[in-house]
Structures are given as C-alpha cells and as structure tokens.
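Please open the model in your viewer and follow the stops below in order, selecting each part as it is named.

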Amino acid sequence: MRLIKRIFLLAQIRALETTIDGQSKCLEMVREPYFINRIIIAQINARNELRKVRREYAELRKSGDRETWRMAL
C-alpha cells in the first residue's frame, strides 16, 4: 500500500513540475496584465501544492532513506 501511494505521489510531483514549467513558458508570451496576474496566482498555488506533495512523499520514505546533510565543522 505504501509503495502504491509513493508511486502516485511521485506521478503527482512530476505532473505539478510540468504544470509549473508550462505556466512559466506561457507567462513569457502573454502581454495582458489580467492574464499575467492569473498565471502568477496559478503558479503560486501549484508551487504550494508541489511543496505539500513533496512533504507527503518524504514522510513515506523509510527513515534510513531520508537525505540528510552533515553539519559543517
């Protein structure tokens, strides 16, 4: 069950990354201020959702699999 949820979350992460990339490309072409603002708001919402999904994905990983950084001395 955990593996299925991890696969689902990973697919959702990739979809959100693709969405944000597409919004960035679209933003380069749009000149209407109203639509620029709408795209920026949509990007903010997508980034928040991506942050949430990444957090859920990280929580599902085994404690030994988590990436940690050594402290600099």
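**The two helices**

Begin by selecting helix 1 and helix 2, and turn the view until you can see that helix 1 passes helix 2 in a left-handed crossing. Keep in mind throughout that this is a predicted model. Helix 1 covers residues 2-29 and helix 2 covers residues 33-60, and the two pack with their axes 9 Å apart, at an angle of about 160 degrees. Because an angle over 145 degrees counts as roughly antiparallel, helix 1 and helix 2 are described as roughly antiparallel to each other.

**The aromatic pair**

Which two residues form an aromatic pair? A search of the whole structure finds 1 such pair, and selecting Tyr34 together with Phe35 will bring it into view, an edge-to-face arrangement with 5.2 Å from centre to centre and 75 degrees between the planes.

**The whole chain**

Finally, zoom out and select the entire protein chain, which holds 2 helices and 0 strands. Of its 73 residues, 18% are buried. If you display the contacts in the protein chain that have a separation of 6 or more, residues 24 or more positions apart account for 64% of them.

Definitions and conventions:
Residues are numbered from 1 along each chain as its sequence is written. This is a predicted model: local features need pLDDT of at least 70, side-chain atom pairs count only at pLDDT 80 or more; totals for chains, interfaces and linings use all residues. Side-chain values use heavy atoms; hydrogens and water are left out. Axes are lines fitted to C-alpha atoms, for helices over the stretch in contact, and angles run from 0 to 180 degrees between N-to-C directions. Helices (H or I, at least four residues) and strands (E, at least two) are DSSP runs, numbered from the N terminus. Angles under 35 degrees count as roughly parallel, over 145 as roughly antiparallel, 65 to 115 as roughly perpendicular and the rest as oblique. A crossing is left-handed if the near helix is turned anticlockwise from the far one by less than a right angle, and right-handed if clockwise. Rings of Phe, Tyr and Trp (its six-membered ring) pair if their centres lie within 6.5 Å; planes under 30 degrees apart count as stacked, over 60 as edge-to-face and the rest as tilted. Buried means under 20% relative accessible area, exposed over 50%, partly exposed in between (1.4 Å probe, protein chains only). Contact means heavy atoms within 4.5 Å.
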